[in-house]
Amino acid sequence: MTIPLLTDKADLATALDILDKWVAHQVEQRHQPGLAIGVVYDGALLWGAGYGFADMETGAPVTLDTRFRIASITKTFTATAILQLRDAGALSLDDPVSRHLDWFDLRYRDAPAVTIRNLLTHTAGLPRDSVNPMWTECEAPSWAAFVADTQARKATRPPYEKFAYSNLGYSLLGGIIAAASGQPWADYLQRHVLDPLGMSETRPLPSADDPLLAIGYTREKAGYQRAVLPFWLMNGFEASANFASSVNDLVKYAGFHLGGSGHDVLSAHTLADMHRVHWLDDGWKSGYGLGMGLYRIKDWVISGHGGGYPGYLTDFTICRAHKTGVIVLTNSLGSDPHSYVKEAYKIVLPEIIKATAEAPPEARPEWKQYLGEYESDWARGKVIIRGGKLQVINLDDIDAPAVTLEPTEEEGVFTLCEAGQSNETLRFELDADGNVARMWERGEYSIPVGKGR
């Protein structure tokens, strides 16, 4: 299915058709039980489809309304709630965890206390999971058992020493949400995140008898056989991986994270901070924000979160720069949802970029008076018009990116659009004859070449 938004773009329609056929072929080749995928643009479903079976025994098909356990995508909701409470003044990200959970006293020797920020960014130095084999035996401890078990454990390293993924840490955030809000984690998420976003088909506490919940299956065994994995809840670990949702409902969530709606849930500033790198890996190839992983596909920055749960592997991703998202939900282990996400971006995003490209703006006639070379004791530059925009290029460093001058309401005054710099202004000072006498930039000036001072 497609929305009317971009269906008149033939190359985009072709790309979506290629993606559809490729996904169908891969699901068949990999002998996967089922998969649902959605491509989001600007907060709406551009295209989506279900493949295979939600229940192999009954033959119930996967649709865009089929619910899957989305596992660690839950962490993005938990992080959203923490940031919402931060913005409301109920907590600070630099609060020690013990300020909200008085029973928590894990601390690496001679190291600072673990903070909420550490939990959000997986830099707390805490163990990853339970002391019990919950992922093997499909049984998680109660909150009371979680507290008792955590009190008996030790930190593995000082805060901020290393990124180390921790379900335990995000489960602590669930306890902090309850303590700071006075509401259970699931109730708070329902009332303050899901309901405002209209996500009526998402379940913080899924039910085993849900007719829309896909059955979860093991990895493929000999003879292409798969076994059904049992339904269970995360209990004390619920804030790290308990949610169930569908592609259609996660489209609404993607729209929120793309900045198109939901500013009553999080401000645009906080939302942007959530998707900014707060921890960078040693190879500078990926990082982690506030509940969001970040990495690159080609030159595009992708943020979001994957999830793994017995019987389900999932991936929720967005490319904020191009208002695009890709969601993949599967109901089997060994299904590699990220491979579908990666190919979806490679196949479709170039056509979205092309189809949504704006026509170049027209340069204003009065800008011609500013063109030419300018110099100071520090540098020589040239003001040009290119692509309908006024720009300054550095003749001493021709490989440096051009600086674009965005017009302001004041004639002859422009905002400097330059990476790594504040949005300060550039001003052209005219003489009595209407010619440029000086080009002022951040309180300093240069003069047209050939003019004396």
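Here are a few questions and answers about a predicted model, covering some helix pairs and a barrel of strands.

Q: Are H2 and H9 parallel, perpendicular or oblique to each other?
A: Helix H2 covers residues 74–87 and helix H9 covers residues 247–257; they pack with their axes 13 Å apart, at an angle of about 45 degrees. Angles from 65 to 115 degrees count as roughly perpendicular and those under 35 as roughly parallel. H2 and H9 are therefore oblique.

Q: How many nonpolar residues are in the contact of H2 with H9?
A: On the H2 side, look for Thr76, Phe77 and Thr80, which meet Leu250, Tyr253, Phe256 and His257 in H9. Of these contact residues, no charged ones turn up and 3 are polar, while the nonpolar ones number 4.

Q: How is H6 oriented to H7?
A: The axes of H6 (residues 167–181) and H7 (residues 185–194) come within 8 Å and cross at roughly 70 degrees. Anything from 65 to 115 degrees counts as roughly perpendicular. So H6 is, relative to H7, roughly perpendicular.

Q: Which residues of H7 make the contact with H6?
A: H6 brings Gly174, Ile177, Ala178 and Ser181 to this contact. The residues of the contact divide into 5 nonpolar, 2 polar and no charged. From H7 come Trp185, Tyr188 and Leu189.

Q: Which residue in S18 does Phe428 stand opposite?
A: The strands S12-S13-S14-S15-S16-S17-S18-S19 close into a barrel in that order, with antiparallel pairing. Within it, S17 (residues 425–430) and S18 (residues 436–441) are joined by 5 bridges. Opposite Phe428 stands Met439.

Notes
Residues numbered from 1 in each chain as written. Predicted model: local features only at pLDDT ≥ 70, side-chain atom pairs only at ≥ 80, totals over all residues. Heavy atoms only, no water. Axes fitted to C-alpha atoms, helices over the stretch in contact; angles between N-to-C directions. Helix = DSSP H or I, 4+ residues; strand = E, 2+ residues; numbered from the N terminus. Parallel < 35°, antiparallel > 145°, perpendicular 65-115°, else oblique. Contact = heavy atoms within 4.5 Å. Nonpolar A, V, L, I, M, F, W, Y, C, P; charged D, E, K, R; others polar. Pairing = 2+ DSSP bridges.
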